[in-house]
Protein chains: 2
Amino acid sequence: MNKYIGVFDSGLGGLTNVKELHKILPGENIIYFGDTGRVPYGTRSDDIIIKYTLQDLRFLSSFPLKAIVVACGTVSSVALDKVKDKVNVPIIGVVEPTCKKAISITKNGKIGIIGTEGTIKSGSYKNKILKERADFEIFENACPLFVPLVENGYFNSEATKIIANDYLFLLKEKGVDTLILGCTHYPLLTDVIKDIMGDGVSLISPGVETAVYTKDLLEREGIINLANKQGETKYYVSDSTKKFSYLASMFLNEKITGTGEKINIEEW
Amino acid sequence: MNKYIGVFDSGLGGLTNVKELHKILPGENIIYFGDTGRVPYGTRSDDIIIKYTLQDLRFLSSFPLKAIVVACGTVSSVALDKVKDKVNVPIIGVVEPTCKKAISITKNGKIGIIGTEGTIKSGSYKNKILKERADFEIFENACPLFVPLVENGYFNSEATKIIANDYLFLLKEKGVDTLILGCTHYPLLTDVIKDIMGDGVSLISPGVETAVYTKDLLEREGIINLANKQGETKYYVSDSTKKFSYLASMFLNEKITGTGEKINIEEW
């Protein structure tokens, strides 16, 4: 049987990762879990994030899995090292693939990182890059209003431009040539961010890099599904949301109907 | 012994109610619980909101109480009627006092209501007003970006003005002369909202009206504490937050240090 790739996130933003997996691994079956009943993780304490992550992993592990993708930047940053030995399949966070890409493409060694407060405070992207390249300069900023702006459809509003400028002008002034969009939602603000940062700055999307990394891993392990038939994707959430089809369609960039199947994550 | 007034909210916004209670009931002892580990409630399903509310009430009831104030607009709207017989002290939501005030001061019978999506969808303010005055006209709008804007200190930013105008221009066009700020956070945007709505529109803050209502109730029941001595206020939260002192100081409009005592609300 063709096992699933499990993907989870604090909410529905991790569907931007599923979108990229669909593109480059169309034959794979995917189980997606969005912890919509307890979103957001980014503002919570490490203890709570680890507890929630273990529950998310236990739920996903009730399916036959070949790999797990942690789409959540906060979980990848705060909990991944502490939970990875609790599952018996490869578990891929967004931090490592994204940092590898940033290191490989920067020309001036000045890398910017934006993310939720939790991700930035954890220093995970920064530490990963500096471990490989201590000579690089890293400039970071948390952008806490980007998630609500995206979820309310404020992609290209003048308000979004003002707020984005508040968040980004210092990184621009520092002369970064590479900017990590360290949160699932931020790629949806690519136009605004690109306008502010200018064409000379490469924007790195963790969703894209993680999908590429996942494909490489499945190939290496000889468990990639190259069938022509489109794989199936199942969506689970921890709280029903009438906005599911709106948000899921937005993040997947394709029309999705239905509400996702609701599970009680606190029981796991 | 002088019993406590229990106040709870999904997060720290309910401290705007505590601020008003401090003003007009300075002698009362207060227990505040902010469910910061599970904030926000406004986007969750009714079932989850009721479950969380019962846990919040069980925690507060572990103290000797004289009354409970539900500072959360979402809980007041969705859960109050379903849980009020679970406690043996008076329980005061924000909806009734606020609607009474709005009805008493409108001159043209056109009342605007803004709040979270949950509050607006529940129709609680609207239904309450129309039950008393079926001849009134009600105009509503959810303002989902106001909470994150406030929590990130965007009180008077140009971005906040643009977003506030998106939310309010239709209510203004309809000619409301009274506007209910149906969420704990919104009174902190009073300047921006007043600028858009104009001087002719009265803004009603549920925190103020609920405090007045609570004082009346304590007087009526003969359990008001008129001691000159300042009462004590204890703060409990369900997740530690480094932003506690920043946010608590902002909502209380006075300098607060410390982090609030953390409890595990899921055990209640």
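Student: With which side chain does that of Asp135(B) meet in a salt bridge, and at what N to O distance?

Tutor: The partner of Asp135(B) is Arg133(B), at 2.8 Å from N to O. A salt bridge here is a side-chain nitrogen of Lys or Arg within 4 Å of a carboxyl oxygen of Asp or Glu. This is a predicted model, in which local features need pLDDT of at least 70 and side-chain atom pairs count only at pLDDT 80 or more, whereas totals for chains, interfaces and linings use all residues. Residues are numbered from 1 along each chain as its sequence is written, chains are lettered from A and ligands numbered from 1 in the order in which they are written, and side-chain values use heavy atoms, with hydrogens and water left out.

Asp135(B) counts as exposed because its relative accessible area is 53%, while Arg133(B) is partly exposed because its value is 33%. The classes are buried under 20% relative accessible area, exposed over 50% and partly exposed in between, with a 1.4 Å probe and protein chains only. Elsewhere, salt bridges with shared partners connect Lys19(A), Glu20(A) and Lys23(A) in one network.

Another pair in chain B is Glu140(B) with Lys126(B), whose closest N and O atoms are 4.0 Å apart. This pair links distant parts of the chain, 14 residues apart: Glu140(B) lies in strand S6 (residues 137–142) and Lys126(B) in helix H7 (residues 124–132). Helices (H or I, at least four residues) and strands (E, at least two) are DSSP runs numbered from the N terminus. Glu140(B) is partly exposed because its relative accessible area is 26%; Lys126(B) is partly exposed too, because its value is 29%.

In chain A, Arg38(A) and Asp56(A) form a salt bridge at 3.7 Å, N to O. Arg38(A) sits in the loop between strand S2 (29–34) and H2, and Asp56(A) in helix H2, 18 residues apart. Both residues are buried.

The search of the whole structure gives 22 salt bridges over all chains. Across the interface of chain A and chain B, the rule finds 2. One of them joins Lys51(A) to Glu266(B), with the closest N and O atoms 3.1 Å apart. On the side of chain A that touches chain B, helices H2 (46–60), H8 (146–151) and H9 (158–173) each supply at least two residues. The largest share, 5 residues, comes from H9(A).
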